[in-house]
Amino acid sequence: MRDSTHDWRSELELEPHGEGGYFRRIHTSSHTIPAPRGERPLASSIYYLLDASQPAGLLHRNRSDILHFLLDGGPVEYVTVDPDGGLSRSRLGDAALFLAVPGGWWKASRLLDGARHALVAEVVTPGFDYADHEYATPAVLAELPHLAEALKPFLRT
């Protein structure tokens, strides 16, 4: 782990991400498979960074499974909602450094306990395509009223 002043954005040439934080795609498999919305690479991967200027990511979901590996910093919390409306909170840092989020689950992330940054590597399988990605809107809160207070901080205002 590096010290908390390390500039990952510059070193890894990360760009702003639409969900918050910063990212850069680092791998896309040259092998493809058929998927419901068209052919997809077998896998893709990004670096994803939350820092003091962007400490949280918006609630969103993907059709693909996503594996998250904390590389530096943290702790970072992932809030996930399964298709049945069950909410889970997972903390990466300390002992846990890995989280799998199945396709179709809502998820959001945020820095915890005064963390200055969290650098995460994500592996998406099948590979990421924006056609398979959806940001939550306030309508999600109407569908999941029992989670409205927990999810409201992760919606675009």
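Trainee: What should I know before I start?

Mentor: The model is predicted, so local features need pLDDT of at least 70, side-chain atom pairs count only at pLDDT 80 or more, and totals for chains, interfaces and linings use all residues. Residues are numbered from 1 along each chain as its sequence is written, and side-chain values use heavy atoms, with hydrogens and water left out.

Trainee: How do I read a pocket, and how much space lies in the largest pocket?

Mentor: Rolling a probe the size of a water molecule over the atoms shows where empty space is left. On a 1 Å grid over the protein atoms alone, a pocket is an open set of points where a 1.4 Å probe fits, with protein on both sides within 12 Å along at least five of seven lines; a cavity is a set from which the probe cannot get out. Grid points are joined across faces, edges and corners, and the volume is the space filled by probe spheres set on the points. Here the largest pocket holds about 210 Å³.

Trainee: Which residues lie nearest the centre of the largest pocket?

Mentor: They are His 17, Phe 23, Ile 46, Glu 122 and Phe 128, out of 16 lining residues. A lining residue has an atom within 4 Å of a point.

Trainee: Which strands supply at least two residues of the lining?

Mentor: Strands are DSSP runs of E with at least two residues, helices are runs of H or I with at least four, and both are numbered from the N terminus. Strands S2 (22-28), S5 (44-51), S6 (56-62) and S12 (117-125) each supply at least two lining residues. S5 has the largest share, with three residues.

Trainee: How do I read a salt bridge, and how many salt bridges does a search of the whole structure find?

Mentor: Side chains of opposite charge can pair when their charged atoms come close. The rule is a side-chain nitrogen of Lys or Arg within 4 Å of a carboxyl oxygen of Asp or Glu. The search finds 11 salt bridges. In one of them, Asp 51 pairs with Arg 9, and the closest N and O atoms are 3.2 Å apart. This pair links distant parts of the chain, with Asp 51 in strand S5 and Arg 9 in helix H1 (residues 8-11), 42 residues apart.

Trainee: Is Asp 51 buried or exposed?

Mentor: Buried means under 20% relative accessible area, exposed means over 50%, and partly exposed is in between (1.4 Å probe, protein chains only). Asp 51 counts as buried because its relative accessibility is 9%. Arg 9 is at 32%, so Arg 9 counts as partly exposed.

Trainee: Which residue does Arg 40 meet in a salt bridge?

Mentor: Arg 40 meets Asp 129, at 3.7 Å from N to O. Asp 129 is in the loop between S12 and strand S13 (133-135), and Arg 40 is in strand S4 (residues 40-41), 89 residues apart. Arg 40 is buried at 4% relative accessibility, whereas Asp 129 is partly exposed at 29%.

Another salt bridge joins Asp 113 and Arg 91, at 2.6 Å from N to O. Asp 113 lies in the loop between strand S11 (106-111) and S12, and Arg 91 is in strand S9 (residues 87-92), 22 residues apart. Salt bridges that share partners also join Arg 40, Arg 63, Asp 129 and Asp 132 into one network.

Trainee: Which residues make the nonpolar surface patch?

Mentor: Patches use residues with over 30% relative accessible area and no salt bridge; nonpolar side chains (Val, Leu, Ile, Met, Phe, Trp, Tyr) are joined within 5 Å, and like charges within 9 Å. Areas come from the Shrake-Rupley method with a 1.4 Å probe, and for residues only the protein chains shown count as cover. Phe 69, Leu 71 and Phe 98 make a patch of about 250 Å². Leu 71 is in strand S7 (residues 65-73) and is partly exposed at 38%.

Trainee: Where are the cis peptide bonds?

Mentor: One runs from Gly 74 to Pro 75, with omega near 10°. Another joins Thr 125 and Pro 126, with omega about -10°. Pro 75 is in the loop between S7 and strand S8 (76-81), and Pro 126 is in the loop between S12 and S13.

Trainee: What is the phi of Glu 13?

Mentor: Glu 13 has a positive phi of about 55° although it is not a glycine. Glu 13 sits in the loop between H1 and strand S1 (15-16) and is exposed at 58%. Asp 113 also has a positive phi, about 50°, and is exposed at 61%.
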